[in-house]
Amino acid sequence: QVQLVESGGGLVQAGGSLRLSCASSGRSFTRYAMGWFRQASGNDREFVAVISWSGGSTSYADSVKGRFTISRDNAMNTVYLRMNSLIPEDSAVYYCAAAQTFATPIVQYGYNYWGQGTQVTVSS
């Protein structure tokens with residue numbers, strides 16, 4: 001099975017930037033769409049961004065469009081989430097997920113594997 005490990009979270013000031021990484025181990029990384037979800041305290045887990053296995057298609061939640069950028073490096077089996085212009089509402093545990101599909105799912109049901117999560121806290 002696929003193992004996913006997130007890193008790069010931390011405490012940042014509003015307006016700052018942060019880059020999250022998700023390292024994948026296992027077979028056929030290039031055959032998986034890779035997504036990011038987040039869950040704030042007391043809230044449901046929500047979709048953030050996804051990138052297709054080819055890297056040619058991406059999708060973002062409306063709340064992060066223009067601020068976040070998802071990318072992948074298949075040679076390194078890693079997916080990234082660059083977060084710019086951070087606001088306190090971005091504070092959450094961010095999860096990396098893998099979906100065995102050529103598409104770009106935006107619902108949790110579409111994903112097969114999940115990482116442990118990394119905490120992002122944006123102070124005001």
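A residue counts as partly exposed when its relative accessible area falls between the buried limit of under 20% and the exposed limit of over 50%. Keep that in mind for the close-ups below, which come from a predicted model.

**View 1. Asn77 in its loop.** Asn77 belongs to the loop between strand S7 (68-73) and strand S8 (78-83). Its phi is positive, about 55°, although Asn77 is not a glycine.

**View 2. Ser85, in the loop between S8 and S9.** Here, too, is a residue other than glycine with a positive phi, near 50°. The relative accessible area of Ser85 is 41%, so Ser85 counts as partly exposed.

**View 3. An aromatic pair, Phe37 and Tyr111.** A search of the whole structure turns up 5 aromatic pairs. In the one shown here, the ring centres of Phe37 and Tyr111 are 5.2 Å apart and the planes meet at 85°, so the pair is edge-to-face. The partners come from distant parts of the chain, 74 residues apart: Phe37 is in strand S4 (residues 33-39), while Tyr111 is in the loop between strand S9 (92-99) and strand S10 (113-114). Phe37 is buried at 1% relative accessibility, and Tyr111 is buried at 6%.

View 4. Take a look at Phe37, Phe47, Tyr111 and Trp114, which form one aromatic cluster. Arg45 lies over the face of Trp114, 5.0 Å from the ring centre. The charged end of Arg45 also sits over the ring of Tyr95, at 3.8 Å from its centre.

Technical notes:
Residues numbered from 1 in each chain as written. Predicted model: local features only at pLDDT ≥ 70, side-chain atom pairs only at ≥ 80, totals over all residues. Heavy atoms only, no water. Phe/Tyr/Trp six-rings, centres within 6.5 Å; stacked < 30°, edge-to-face > 60°. Helix = DSSP H or I, 4+ residues; strand = E, 2+ residues; numbered from the N terminus. Buried < 20%, exposed > 50% of the residue type's maximum accessible area, 1.4 Å probe, protein only. Lys NZ or Arg CZ within 6 Å of the ring centre and 35° of its normal.
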